[in-house]
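Reader: I would like to go through this model feature by feature, with the cut-off behind each term. Please begin with charged side chains.

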Amino acid sequence: MSIAPQYTYRQLTSDDVTLLKELLRVFGHAFDDSETYQHAVPSDEYLTNLLGKENFIVVVAMMGKAVVGGLAAYVLEKFEQQRREIYIYDLAVSDAHRRKGVATGTINALRKIAASEGAYVIFVQADLEDGPAIALYRSLGTMKLANHFDIEVGTIKS
């Protein structure tokens, strides 16, 4: 008889820079993009300041003292109504901990935070070829098709 791993979920504060750096390593490995997530890690001062902002939320999944997954999200203040929505910018789980409910647990932790923040919805994007992410998000919410465009800064086309 095997015992299921025990995961805990917590929102990071400005005192948790070390845990945020561990999450950056998880992101780099999971997305196969160490260049983005490890090459130019911001200073401790920058990360402390970022974690202290009300519009930035980081939730980590931990097994013991190790970060095994997590998400970074932004709180968006709306202008058309007095309300907020939360955008999950990145979410990843270490290979060894996938398919064990870690991503769902992380999102559920964010749902509790969102409710306490007065948010009315959480939204996330998934690449079309990322079947597991789409299946996860579909199990938790409603899918809306959209296109994503990156607009370069500093380049103006007439």
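Author: Side chains of opposite charge can pair when their charged atoms come close. A salt bridge here is a side-chain nitrogen of Lys or Arg within 4 Å of a carboxyl oxygen of Asp or Glu. Asp44 and Lys21 meet this criterion, with N to O at 2.4 Å. The two residues lie 23 residues apart and link distant parts of the chain, Asp44 in helix α3 (residues 44-51) and Lys21 in helix α1 (residues 17-30). Helices (H or I, at least four residues) and strands (E, at least two) are DSSP runs, numbered from the N terminus. The model is predicted, so local features need pLDDT of at least 70 and side-chain atom pairs count only at pLDDT 80 or more, while totals for chains, interfaces and linings use all residues. Residues are numbered from 1 along each chain as its sequence is written, and side-chain values use heavy atoms, with hydrogens and water left out.

Reader: Are Asp44 and Lys21 buried, exposed or partly exposed?

Author: Buried means under 20% relative accessible area, exposed over 50%, and partly exposed in between (1.4 Å probe, protein chains only). Asp44 is partly exposed at 41%, and Lys21 is partly exposed at 25%.

Reader: How many salt bridges does a search of the whole structure find?

Author: The search finds 8. Among them is Lys78 with Glu85, whose closest N and O atoms are 3.4 Å apart. Lys78 is partly exposed, at 26%, whereas Glu85 is buried, at 11%. Both belong to a network of salt bridges that links Lys78, Glu80, Arg83 and Glu85. Another of the salt bridges joins Arg98 and Asp95 at 3.0 Å between the closest N and O atoms. Arg98 has a relative accessibility of 37% and counts as partly exposed; Asp95, at 44%, also counts as partly exposed.

Reader: Which ring does the charged end of Arg83 sit over?

Author: A charge sits over a ring if NZ of Lys or CZ of Arg is within 6 Å of the ring centre and within 35 degrees of the ring normal. The charged end of Arg83 sits over the ring of Tyr120, 3.8 Å from its centre.

Reader: How should I read the aromatic pairs?

Author: Rings of Phe, Tyr and Trp (its six-membered ring) pair if their centres lie within 6.5 Å; planes under 30 degrees apart count as stacked, over 60 as edge-to-face and the rest as tilted. The whole structure holds 7 aromatic pairs. One of them is Phe31 with Tyr37, a tilted pair with 5.6 Å centre to centre and 50 degrees between the planes. Phe31 is partly exposed at 34%, and Tyr37 is buried at 13%. For Tyr87 and Tyr89 the ring centres are 6.3 Å apart and the planes are at 75 degrees, so this pair is edge-to-face. Tyr87 is buried, with 17% relative accessibility. Tyr87 and Tyr89 also belong to one aromatic cluster with Phe56, Tyr74 and Phe123.

Reader: Which residues of helix α5 are buried, and where do they lie around its axis?

Author: The arc is that of the directions from the helix axis to the C-beta atoms. In α5 (residues 131-140), Ala133, Ile134, Leu136 and Tyr137 are buried. The buried residues fall within an arc of 160 degrees, so they line one face of the helix. Pro132 and Ser139, on the other side of α5, are exposed. Contact means heavy atoms within 4.5 Å. The buried residues of α5 pack against β4 (84-93), α4 (102-117) and β5 (119-124).

Reader: Which residues are buried in α3?

Author: They are Leu47, Leu50 and Leu51. Their arc is only 95 degrees around the axis, which puts them on the same side of α3. The cover over these buried residues includes α1 and β2.

Reader: Where does Asp16 lie, and what is it in contact with?

Author: Asp16 lies in the loop between β1 (8-11) and α1, and Asp16 is buried at 9%. Leaving aside neighbours within four places in sequence, Asp16 is in contact with Arg10, Gln11 and Leu51. The side chains of Asp16 and Arg10 are joined by a polar contact of 2.8 Å. A polar contact is a pair of N or O atoms within 3.5 Å; within protein, one must be able to donate a hydrogen and the other to accept it, and residues adjacent in sequence count only if both atoms are side-chain atoms.
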